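Look over the fold below.

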Amino acid sequence: MTFNLAIKNWLTIDAESITNYPDGVNQIYKCEIDGMLIKGVFSKEEMLSVQNKLNSKKEVRDPLYYGAIQGAILVAKGSDRTQYFQDATILREDLKNLFKTNYEARVEAILTKMSGGRTVEIPKEDAQKIYTPATIRFVHPNKGGIKLHRGNEFLGDGAYDYMNQIAKIVNGLSYFIVIDKAEQGGELVLYDLLPEQLTTPKKDLDLDKCNKRYLNPDIGDMILFQGGSIFHAVADVQGNKERITIGGFVAISKDDQKVFYWS
Ligand SMILES: O=C(O)CCC(=O)C(=O)O
C-alpha cells in the first residue's frame, strides 16, 4: 500500500480528545485542518448489533453502482423533494431501531464538542420537511468502490436551493462512521492535487501524479473532513464482506450560529 503523507493537516484522535478542538468544525471549514479520524465514537459491540439488524432487513436498500444505499440522497431526488422528505422520515425511524443508543444524539454530541458554541442540528424547512441526518452506504466487493468526487461538485443541483440559502455549503464537510469494515481495501483515498492540477477538469485529472492519503478507519470510528474541496474516493473493497458506513455532510449556517448535518 502506498502511503504518501500529502494532505498535511490530518488528525487522528480519540473521541475523548476532541474537546481539544472546540472550534474543529470551523477549522476544517476554513481548511486549517484537512480532516480528522475520531476513534471509538461508537463501540464495536454497538456496531455489531447494527450490522445484524441491517442484514435482517436488506429489502429496504436501493441498489447503486457501488453496491446499495439505505436512505434518501438529496441530489438524487431532484428539486421536487417530496420523496426525499418521506424517505428521510423513514430513515430517522429506522435509525431509532438500528442503534441502541440514539444515533442523532451521539453525532450531535460529537459535533457539539467541536462546534465553537454553535447549535448542532438537522436542517428543516418546516415541521414536515426535515432532512435526513445520514444515509447508509453498502460498498460491495469488486465493484470498484465509490468513484472520485468532492462535495462542491453537487452544489449547483436544484435540490440544494434551500441549503444554499441557510448554510455555507461551499467547502462544506463530509462525515461518516464505520459500521462494518472491508476484509481488505475500502480505504478512503484523499487526493492532494498538484498546483497545476487545481484547474484541470475532473475527467482529465491524472491521479497517478498526485500524492494520496489512504485512511482505514476501524469499526465505530468517525471521519470528518474537508470533503467539499478535497477530491476523494473509496478504494475497491476486496474479500467477502461488504463495507458499511453511515454519514453525510456538515456545514456552518450563514448566520454562523449553527452547524447543520444531513445527507
Ligand atoms: O465511506 C463513505 O461512506 C463515503 C465517503 C465519501 O465518499 C464521502 O464522505 O463523500
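How many residues does helix α2 have, and how far does it reach from its first C-alpha to its last? Helix α2 (residues 44-55) has twelve residues and reaches 16 Å, close to the 16 Å expected at 1.5 Å a residue. The expected span is 1.5 Å times one less than the number of residues.

This is a predicted model: local features need pLDDT of at least 70, side-chain atom pairs count only at pLDDT 80 or more, and totals for chains, interfaces and linings use all residues. Residues are numbered from 1 along each chain as its sequence is written. Helices (H or I, at least four residues) and strands (E, at least two) are DSSP runs, numbered from the N terminus.

Met47, Val50 and Leu54 are buried (20 or more other C-beta atoms within 10 Å of the residue's own; exposed means 12 or fewer, partly exposed in between, with C-beta atoms placed from the backbone). These three cover an arc of only 55 degrees around the axis, which puts them on the same side of α2. The arc is that of the directions from the helix axis to the C-beta atoms. On the other side, Glu45, Asn52 and Asn55 are exposed.

What covers the buried residues of α2? The cover includes α3 (82-98), β8 (167-180) and β15 (243-253).

Step back to the whole chain. The protein chain has five helices and 16 strands. Buried residues make up 40% of its 263 residues. Along its principal axes, the C-alpha trace spans about 45 × 45 × 40 Å.

Conventions. Two residues are in contact if their C-beta atoms, placed from the backbone, lie within 7 Å.
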